Amino acid sequence: MFNLKTLDKFKPIDDKTYQVIDNDGKVIIKDWIPDLKDEEIVQAYKDLLFERTADFMAVSYQRQGRMFTYPPNLGQEAIHIASGKVIQPEDWLVPAFRELGAWLAKGVSLWEIFLYFKGHEDGSKFLNAKRMLPISVPIASQLLHAVGIGYAMKYQGEKAVAFAYVGDGGTSEGDFHEALNFAAVWDVPVVFVVQNNRFAISVPLKMQTRSLNLAVKGVAYDVKSIAVDGNDFFAMHDVLSFAREFVLKENKPFLIEAKTYRQGAHTTSDDPTRYRTKDEEDEWALKDPLKRLQSYLISKKLWDPSEDEKLIAQYKKKIDSEFEKAEAYPEYKLDDVFDYMYENLPDELKRQKNNYQNYLNHVGGVK
Ligand SMILES: Cc1ncc(C[n+]2csc(CCOP(=O)(O)OP(=O)(O)O)c2C)c(N)n1
Ligand SMILES: [Mg+2]
């Protein structure tokens with residue numbers, strides 16, 4: 001069981017990383033037992049497979065010209081599924097833009113995500129997800145919102161936690177440092193999850209920072225911090241659960257550096273072959289989170305891999321119907337783009353609106 005003593009053994013300043021299973025799904029910690037029931041672990045595997053399938057499908061819809069852009073989650077799913085298991089209904093989820101499985105666990109519908117990436121703002125409404133902010137593309141800005149939410153919960157005497165996500169590149173933003181500083185100074189209940197996927201678009205980690213690792217950045221602000229193997233579902237689940245309890249008990253923030261790798265492109269507009277090697281990709285493919293969890297389940301006789309294909313076929317049908325729902329959603333009205341800023345639209349905006357309306361009339365778009 002992960003406790004304060006374990007935390008003490010993985011000091012960021014010693015550059016240690018908490019890991020439970022190896023690349024073959026074998027438990028490497030003596031006497032470790034999961035704090036989840038067998039059926040919960042099997043369900044986590046299914047959720048991971050669902051996220052991966054939805055992610056592949058999303059890329060394919062974009063390639064068919066049916067969606068504008070999409071940031072793939074491939075390789076980072078263990079972080080998301082473990083988060084989904086730990087985050088409670090009373091907790092807040094403050095997303096960046098690459099945590100699909102965690103959003104779904106919070107109650108977001110897949111069709112809303114597709115709608116969002118089709119460029120429709122109603123996709124941000126998250127009708128069935130309570131206590132979740134919209135996707136945040138301005139890097140790291142969401143962390144300050146998370147600290148504000150955490151402070152408000154503390155002020156109101158709520159016993160809940162805000163989980164906030166950011167990437168490795170985000171840790172170079174001023175907002176990251178301001179958020180950590182305020183969270184520490186005000187003793188705010190926030191768990192910061194840094195998804196270190198080793199790239200900020202084409203910028204590799206070694207060009208991003210001279211810090212020993214990213215967890216050590218939390219130490220500078222007196223935020224309890226730890227680096228975790230982000231491709232290891234059990235390691236992530238142990239630490240996220242511990243972090244939630246710690247934050248509630250101590251009323252202090254916590255930072256997790258989840259070490260992972262973006263196996264796909266940054267977004268569908270990116271070509272990673274221009275800035276990284278096949279050798280590196282092959283090396284990380286061996287650490288794939290889905291394969292590792294699957295190997296663990298097979299070794300415990302909890303999973304028959306021939307089930308995968310059937311499940312994927314079933315998932316694809318469901319995902320297609322979610323996408324069709326997004327496609328059937330009414331288009332936004334042109335007025336909505338212009339109407340809410342000024343009482344009387346300035347001439348320049350009137351001109352733009354007019355031009356765009358003429359364009360739409362010409363191409364046969366929305367009237
Ligand atoms: C404030 C800000 N600056 C620049 C960008 C353009 N941008 C979009 S994603 C990205 C890289 C983010 O890298 P990281 O934080 O590691 O997250 P990842 O994409 O790897 O998940 C950048 C620079 C932005 N969206 N917001
Ligand atoms: Mg990154």
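Let me start in a loop: Asn251 sits between α10 and β8 (254-259), with helices (H or I, at least four residues) and strands (E, at least two) taken as DSSP runs and numbered from the N terminus. This is a predicted model, where local features need pLDDT of at least 70, side-chain atom pairs count only at pLDDT 80 or more, and totals for chains, interfaces and linings use all residues. Residues are numbered from 1 along each chain as its sequence is written, while chains are lettered from A and ligands numbered from 1 in the order in which they are written.

Asn251 is not a glycine, yet its phi is positive, about 55°. It counts as partly exposed because it has 14 C-beta neighbours inside 10 Å; on this scale, with C-beta atoms placed from the backbone, 20 or more others within 10 Å means buried, 12 or fewer means exposed, and in between is partly exposed.

Ile201 is another non-glycine with a positive phi, about 50°. You'll find Ile201 in the loop between β5 (199-200) and β6 (203-204). Having 14 C-beta neighbours inside 10 Å, Ile201 is partly exposed.

Helix α10 (residues 233-250) has 18 residues and reaches 25 Å from first C-alpha to last, close to the expected 26 Å (1.5 Å times one less than the number of residues). Of those 18 residues, 13 are buried, so α10 is largely enclosed by the rest of the structure.

After α15 comes Gly364, with a positive phi near 80°.

Last, a helix pair. The axes of α6 (residues 141-155) and α7 (residues 174-185) come within 7 Å and cross at roughly 15°; axes are lines fitted to C-alpha atoms, for helices over the stretch in contact, with angles from 0 to 180 degrees between N-to-C directions. That makes α6 roughly parallel to α7, the label for angles under 35 degrees. Residues making the contact (C-beta atoms, placed from the backbone, within 7 Å) include Leu143, Leu144 and Val147 of α6 and Phe176, Ala179 and Phe182 of α7.

Thanks, everyone, and do have a look at the model!

Technical notes: Parallel < 35°, antiparallel > 145°, perpendicular 65-115°, else oblique. Contact = placed C-beta atoms within 7 Å.
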